[in-house]
There are 2 protein chains.
Amino acid sequence: MATFVMQSLGCEVAALNTVNFSNHTGYRQFKGTRATAQEISNLYQGLCQSNLTDFDVMLSGYAPSAAVVEAVGAIGIDLQQKAEKKPGSFFWVLDPVMGDQGRLYVNDDVVPAYKKIIHHADLILPNQFEAEVLSGIKITSLATLAEAITAIHRIYSVPHVIITSVQLFKLSTSGSTPSPPENFLTVIGSTTKSDGSPRLFRVDVPALDCFFSGTGDMFAALTVARLREAVDAAGDNLRNTRSWVSPDNVPSSQLPLAQSTIKVLSSMHSVLERTMEARDAELAKDVPAQNGDVSAEEKQKREHLRRTKAAEVRLVRNTRFLRDPPAQFQVQEWCKEDLPAQLQ
Amino acid sequence: MATFVMQSLGCEVAALNTVNFSNHTGYRQFKGTRATAQEISNLYQGLCQSNLTDFDVMLSGYAPSAAVVEAVGAIGIDLQQKAEKKPGSFFWVLDPVMGDQGRLYVNDDVVPAYKKIIHHADLILPNQFEAEVLSGIKITSLATLAEAITAIHRIYSVPHVIITSVQLFKLSTSGSTPSPPENFLTVIGSTTKSDGSPRLFRVDVPALDCFFSGTGDMFAALTVARLREAVDAAGDNLRNTRSWVSPDNVPSSQLPLAQSTIKVLSSMHSVLERTMEARDAELAKDVPAQNGDVSAEEKQKREHLRRTKAAEVRLVRNTRFLRDPPAQFQVQEWCKEDLPAQLQ
């Protein structure tokens, strides 16, 4: 998912696969292997010895163990050191994949491994649960959401954060920020000012009534391509500025991160809408006849496999929406009065 | 290379990687791992158990050992059996990667492993050397080239063959077929008639003065997409015909395989021309200063790495040429009088 999306947007990608599975885990069964830390480090050494490390962005995603998180972290840190004399020439987007919906799906030791490396990243992309884990703050309201982002900026000195898919309507609101309707998802992002305080923005998008696998990687990969583009468009020599942090006078809605996020979400929504249509058409077909002696459990399993396959993201035939997202979403600034009192 | 090219042309790809290297072997050094036969079979079992094997085309390429050739062969044979009741619903493109320029670059036991599975394939894509190995005929002239293709059709019952990159000007000509100028490469293909005899066509393309890595995979992947398209365009219910073999009245230049090959070569030539330009621009830059104490050998190695990197195929920013190849090449039939006497 991530490799093809970045390539479709013109990025030359060197992919280090951290797993090599027959299918995504949404099927609830798979075969294949996980990369070891040694294998990841070894591949990177191969790139180093042939002078193939002139990357300007690194995207790191799911890692199957704490040791692999460390190995990936060592690569990010090495690339950052190599780029030290040219500010902005290397940018690390880190997706701290740890869990969702209130539970970890990695080993416990992966959490401290991420906590050690995140302060080297330029942008992190936690979901709501991961933001709670990293900030130590339970997100139950807009106020605690803002607190969590502020804490993440402060604890990890990470200049850019996007919290992907917050179910804002489930949170209690504060101040004048209106809640979006129930069938919307909200993405919240922030780039720090020079004093470390957040510049918060939010984008509301209609939620689609379907579970799609790979959307986290799709979001991250689109962000890699679109953020760089927005940074180039921003001028101010931003591309040659450490961590691409905009001057303090840039309001949150005008941040490259905010402008990028609108395009990213538009591409995703367009692709996923078409995926929904194709899924519905697929599921409307007759189910192939089953042998009479199939257990109820087996029938249920087959139906799950069928529904999961039907919901596979229809990416390769919809790349035009990756390249040319329709203008369909807007970014909103989170104004000072919307923030809880202690952050104003 | 192959995965991205097929995806760019709208194919949903499930890739089973037979190697996982840091870089292509043209650099003369690399790190990483080769897949074992067990790993390949295991991934395929994963696809089977979740009903994810509804492939209509399989492309098999480089395999690092005879055991992996067998494992890949077993997958092709299994998919073929599953499709048995629906002729034309599964098509296997097999690139018998064994060597080039007169020498093997795989273990000796890979050759008999390929010879055992090729009769299950629908289309094979040997280069000139591999065609010699498979046919047992040394290709020194147009006559022996035609003999080799005829032999491959006969020995392996394989209905479609393309011999990629023949240096025709080096061969002695026979009959009225004119040789192309020295700076041309020739691609020769054939689809059998119902009596097993070949229908030969040829396409001459200007050669580019550069070694590019991955062009074999690019050719194969483009052929997967374009052949299916040409078969659909051919009508005659060809898509539902076993191995997509055209009726006997279709002349060689009108074969879907021939029509596909023109487009494939046009895409490749356009991408590689742009790669040459980008390479030349890259090599015209100043070489980074080297430390004084670098040995002559080390200098030479670094220069090789630099030149190899500069010649990396510029694919992701030139996908428009994959999607919309300009009409620039023509296919020629090999007429009966061009063939050696015993084949007329």
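Analyst: A helix here is a DSSP run of type H or I with at least four residues, and helices are numbered from the N terminus. The model is predicted. By that definition, A:Lys82 and A:Asp78 both belong to helix 3 (residues 66–82) of chain A, where they are four residues apart, about one turn of the helix. Their side chains form a salt bridge, with the closest N and O atoms 3.0 Å apart. Buried means under 20% relative accessible area and exposed means over 50%, with partly exposed in between. A:Lys82, at 48%, is therefore partly exposed. A:Asp78, at 24%, also counts as partly exposed.

This pair is one of 30 salt bridges over all chains. Another joins A:Glu273 to A:Arg274, at 3.7 Å from N to O. A:Glu273 has a relative accessible area of 33% and is partly exposed; A:Arg274 is partly exposed as well, at 29%.

In chain B, B:Arg228 forms a salt bridge with B:Asp56, and the closest N and O atoms are 3.0 Å apart. This pair links distant parts of the chain: B:Arg228 is in helix 7 (residues 215–234) of chain B, while B:Asp56 is in the loop between helix 2 (37–49) and strand 3 of chain B, 172 residues apart. B:Asp56 is partly exposed, with a relative accessible area of 29%. In chain A, salt bridges that share partners join A:Asp56, A:Arg228, A:Asp232 and A:Arg239 into one network.

Next come the nonpolar residues. In soluble globular proteins, nonpolar side chains tend to be buried together. The largest nonpolar core has 94 residues, and those with the most contacts inside it are A:Met218 and B:Met218. Leaving out residues up to four places away in sequence, B:Met218 touches B:Met1, B:Val5, B:Met268, B:Val271, B:Val313, B:Leu315 and B:Leu322.

B:Met268 has a relative accessible area of 10%; that is under 20%, so it counts as buried. Beyond its neighbours within four places in sequence, B:Met268 is in contact with B:Thr215, B:Met218, B:Phe219 and B:Leu222. B:Phe211 is 57 residues from B:Met268 along the chain, and their C-alpha atoms are separated by 13 Å.

Helix 8 of chain B also lies across strands 7 (123–124), 8 (160–166), 9, 10 and 11 of chain B, and runs at about 15 degrees to strand 10 of chain B. These strands belong to an open sheet of seven strands in chain B, with the order 3-4-7-8-9-10-11 and mixed pairing. The edge strands of the sheet are strand 3 (57–60) and strand 11 (331–333) of chain B, each pairing on one side only. Within the sheet, strand 9 (residues 184–192) and strand 10 (residues 198–206) of chain B run antiparallel and are joined by nine bridges. B:Leu185 stands opposite B:Val205 in strand 10 of chain B.

In the pair formed by A:Phe4 and B:Phe4, the ring centres are 5.9 Å apart and the planes are at 50 degrees, so the pair is tilted. The pair crosses between chains, from helix 1 (residues 2–8) of chain A to helix 1 (residues 2–8) of chain B. Both A:Phe4 and B:Phe4 are buried.

Note on methods: Residues are numbered from 1 along each chain as its sequence is written. Chains are lettered from A and ligands numbered from 1 in the order in which they are written. This is a predicted model: local features need pLDDT of at least 70, side-chain atom pairs count only at pLDDT 80 or more; totals for chains, interfaces and linings use all residues. Side-chain values use heavy atoms; hydrogens and water are left out. Rings of Phe, Tyr and Trp (its six-membered ring) pair if their centres lie within 6.5 Å; planes under 30 degrees apart count as stacked, over 60 as edge-to-face and the rest as tilted. Helices (H or I, at least four residues) and strands (E, at least two) are DSSP runs, numbered from the N terminus. Buried means under 20% relative accessible area, exposed over 50%, partly exposed in between (1.4 Å probe, protein chains only). Contact means heavy atoms within 4.5 Å. A nonpolar core is a set of buried Ala, Val, Leu, Ile, Met, Phe, Trp, Tyr and Cys residues joined through side-chain atoms within 4.5 Å. Two strands pair if DSSP finds at least two bridges between them. Axes are lines fitted to C-alpha atoms, for helices over the stretch in contact, and angles run from 0 to 180 degrees between N-to-C directions. A salt bridge is a side-chain nitrogen of Lys or Arg within 4 Å of a carboxyl oxygen of Asp or Glu.
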